[in-house]
Each structure stands twice: as C-alpha cells, then as structure tokens.
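Here is a briefing for a first look at this structure.

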Amino acid sequence: MQTEFSLIINGNKVAGDRGTFDVINPATEEVVAACPYASVEQLNAAVDAAEEAFKTWQYSSDEERKQILHRIADRIEANAGALAEVIVKEQGKPMFLAQAEVGGAVAWTRYTADLEIPVEVLEDSENKRIELHRKPLGVVGSITPWNWPLMIAVWHIMPALRTGNTVVCKPSGLTPLNTIMLAEIINAEVPAGVMNILTGEAGIGSAITGHEKIRKIVFTGSTPTGQAIMRNAASNLKRLTLELGGNDAGIILPDADIDAIAEGIFQTAFLNMGQTCAALKRLYVHDSQYDQVCEKLVAIANAQVVGDGMAEGTTFGPVQNKDQFELVKELVEDAKANGAQVLCGGEPKSGRGFFFPPTIVANATDDMRIVAEEQFGPVLPVIRYSDVEEAVVLANNCEVGLGGSVWSSDIEAAQKVAQRLECGTAWINGHAEVLPHAPFGGCKMSGFGVEFGKEGLLEYTVPQTLNINK
C-alpha cells in the first residue's frame, strides 16, 4: 500500500504546512497513514494555480479533454488493486464493495469523457442565426464525504474537467488517501494547476466555500453543512450543486411478492452498511405482509458476515467512524425505550472496531428518532400502514427528499404511487441505484442541482447566447 501522501498544488507534491493528521482504520482503530494537513495559505496557492491554469485549459479542445479523461480512466483501472485496498483500510467497506467502487469510478470517467457539450441552434433564418453555447465557469471547488470517497470524487471532478474547468478538491479528513491517489493519477495527465488537492479540516472547507476566485462549489454531505456553504458562497454568487442528506422511504404495496423483493430491499437499505445518502432508510409495509417482511429481512441480516473488510468472506464492514457509530447506538436505544422491538442486531460487536451488525427494528413509528432522523448506518426501521394513502403521507412527511421507492407486482399501480413521492428519484422495485446517464439530485432540504448525464454535465457551464446578424 502507498505510504507517503502529499498535497498537490500547481502540479507539485507538497507537504502540509500544518504537519499531518492520522487516518484511522474503522475495523481495527489503528492508524492507516499520516495525511498532510494544509493551511489556508496553501489553499490560496492552489486556487491561484487553478485560476492561472484555467486561462489556457478552458480553450483546450473537446477532443483533447475526451482523450485525457479516457487516459485517466485507464490509469484508475491499472491502479484498481491499490485503490481498493486503501478504500477498505480507511473507509471500512468489504473488499468486494471497494472493488465495485473502483470499477464504478472507471465506468463513470469513461462515460463522462464521451458526453457531448451541445450547441443549440435557436434560430437560423435568412438574416439571423442564434446559437446557445456552453462555457466553463472557472475554478471549481469539490468537497467530498467519507462514505464513497473515490466514486463521489469522480462524480465531482470528471464533469468539471470535461467541460474545461479547473479543480481544487478537499476530501473528508476521515477518508482522504484514495482521493489523493486519484488526484495523482489525474495530475499525470493534465497540465499543472488543472487538478489540485488539499487535505485537512478546520477552516479549509469554509475558506473554499467563501473564496472569491472559486466560481462553483459541488458538495455532497449533510444538510446543515450545505446550508452553511450556501450562506458562505453568496459573496461572489458561486454556482452550487448540493447533494445533501436524505431519509429515503420505501413503500411495499399489498400485492408485492415478498420472496422476490426481500433481498433487494435488504441490499439497498444496508448498502455500504447503510452509509449511503440514497439508501432505503424507512420501510412502510402493509399490515397483511408486515410479519412476513420482517422475518425475511431478519433471515438475510443474520446471514451476513460482519468483520474487517480485508478478511475473506466478509460481507458487512464497520461503521466508518466513532461519531457515526455512537449515533447509531443512540438511535437504537431511543427506539427500544419508546416501544420498538429489535428483531436482530441492536448491539455493537465486542472488541476493537466500530462494528454494528445489521439491525431490523419492528413496531417503529414516525415519531421515533430512528424514523424521523437519517440514521446513516446499519439500521432499518419497519413501519406498519393499513392504507396506501396513509403510507404516501407518511413517506412525504419529511423535510428532505432525495430518493424513494415503491415495491409491487403491478408496475402501473406502483408508478402512480411513485410519482406522488416528494423526492428527486423514485425507483420501482429497486432503490439507491444511480447510473451515469440518469440525472440524480434532491428536492426540499436534500439540496438542488443534479449530477450525471447531460443535465449534470451542464451544471459546470454557463450559457452564452451568440446572436449573429448575417
């Protein structure tokens, strides 16, 4: 495994002005590596470098940027083993999931490389031609979370580069190492200053969001942090893409084939140990099927192998950090105290590591914290309903709106219900599936702007109307 990690500023690897900080393996609570701690002065240097590089990078050809992204994808693929190992050690997920994350990063980079930036002809008459062009914004600030650290960095950075912007990236201090490796890969293919990365916490994020020379912020994380970013970004009217918290509801309609959907429900609720913004976090089940659904989910949960992601056979890793681990414990205890029944799991594993087994909570109600708050961990509350109308109201009774799902054997009936859900993406007989060609984003307090596809690509551009009098 790579052991030396540096900031990248203007194409150069540099040490952090503020020394280093430790990155912890959540499975062992041991130090994985020391990571450089950047200063605000180094951030300013990185932004200056990105601004200078933008002067020429913005005029690079479409074909050149396509080829560069394809070469970056090749390099990610060539380093897949090393990247996956680092993801497991700093994030905690099982190796098979880390490998899938790297594979997804490669696929997303290639897809983004081949996206076309459209020129729309609005009028072409005898005396006039009007075209709508898309121009890059300038320096893009990317702030990424700890749950899918490589994948989300790719989601932020690749469309920025594809559209001719330059980037300053700050990954989470909990999982910075694989993102540094990604930045090194990118830096090998782009001119100096186009890709910069800084690591560290106190003050760096707020300095990025308020920086006068940064023209856009793309952020994935919590709603309170997103609100702070929005306030801080107002000084120079930064463009924003905010993918914030979710508390996704799933509704099982009474006609659903429980045997057919149980595995899908479990896997999308507990994807990445439940630490996924668009994981299924609240499950509404009709009285007639409630006991059957609970039994099926418990059986799948009990079959999981909880352990270190590096160990062969592990299917379920730790919670990524101690704060999140403590929150999960707190929410489960609160549910117990308020009359919920824990059907499996419910207690941390003894010994080192932040291990909390998959937990199914029955007899949950909407006034319990485990339902009302985003648990972002390996717990699924199952809530009874007696009427579909009631289930829709309960699902929508939430200030966030990222994703939602309906599970049914009747696709037409499911679609009618799904279209009433107040969320950015509604799945039918699935959940948490994001695809490079399908725009993804939230509504209400889950943020605004979309990622992926042409719509996501154009978030990194500003329109310019070219009005030509012949």
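In helix α4, the buried residues are Leu-97, Ala-98, Glu-101, Val-102, Gly-104, Ala-105, Val-106, Trp-108, Thr-109, Thr-112 and Ala-113. Buried means under 20% relative accessible area, exposed means over 50%, and partly exposed lies in between (1.4 Å probe, protein chains only). The model is predicted: local features need pLDDT of at least 70, side-chain atom pairs count only at pLDDT 80 or more, and totals for chains, interfaces and linings use all residues. Residues are numbered from 1 along each chain as its sequence is written, and side-chain values use heavy atoms, with hydrogens and water left out.

**Helix α4**
- Helix α4 covers residues 95-114. Helices (H or I, at least four residues) and strands (E, at least two) are DSSP runs, numbered from the N terminus.
- The cover over its buried residues includes α2 (62-78), α3 (80-91), α5 (149-162) and α15 (453-458).

**The whole chain**
- The protein chain has 15 helices and 22 strands.
- Its C-alpha trace spans about 70 × 60 × 40 Å along the principal axes.
- A compact globule of 470 residues would have a radius of gyration near 23 Å; the chain has 23 Å, so the two agree. The radius is taken over C-alpha atoms, and the globule rule is 2.2 Å times the number of residues to the power 0.38.
- Of the 470 residues, 58% are buried.
- Among contacts with a separation of 6 or more, 73% join residues 24 or more positions apart. Contact means heavy atoms within 4.5 Å.

**Surface and charge**
- The chain exposes about 17,900 Å², and carbon and sulfur atoms supply 51% of it. Accessible areas come from the Shrake-Rupley method with a 1.4 Å probe.
- There are 37 positive and 60 negative charges, and their mean positions lie 7 Å apart. Lys and Arg count as positive, Asp and Glu as negative; His and the chain ends are not counted.

- Ser-6 sits in the segment before β1 (7-9). Ser-6 is buried because its relative accessible area is 19%. Beyond four places in sequence, Ser-6 touches Lys-13, Val-14, Pro-36 and Ile-180.
- Ile-185 belongs to helix α6 (residues 177-187). Its 9% relative accessibility makes it buried. Leaving aside neighbours within four places in sequence, Ile-185 contacts Ile-72, Arg-75, Ile-76, Asn-79 and Leu-83.
- Ala-249 is in strand β12 (residues 248-252). With a relative accessible area of 5%, Ala-249 is buried. Its contacts beyond four places in sequence include Arg-282, Tyr-284 and His-431.

**Distances across the sequence**
- Ala-249 and Val-392 are 143 residues apart in sequence, with 9.3 Å between their C-alpha atoms.
- Ile-185 and Leu-466 are 281 residues apart along the chain, with C-alpha atoms separated by 37 Å.

**Positive phi**
- Most residues other than glycine have a negative phi.
- Ala-432 has a positive phi, near 65 degrees. Ala-432 lies in the loop between β19 (425-428) and β20 (443-444), and is buried at 13% relative accessible area.
- Phe-452 has a positive phi, near 80 degrees. Phe-452 lies in the loop between β21 (447-448) and α15, and is buried at 7%.

Note on methods: Expected span 1.5 Å × (residues − 1). Charge placed at Lys NZ, Arg CZ, Asp CG, Glu CD.
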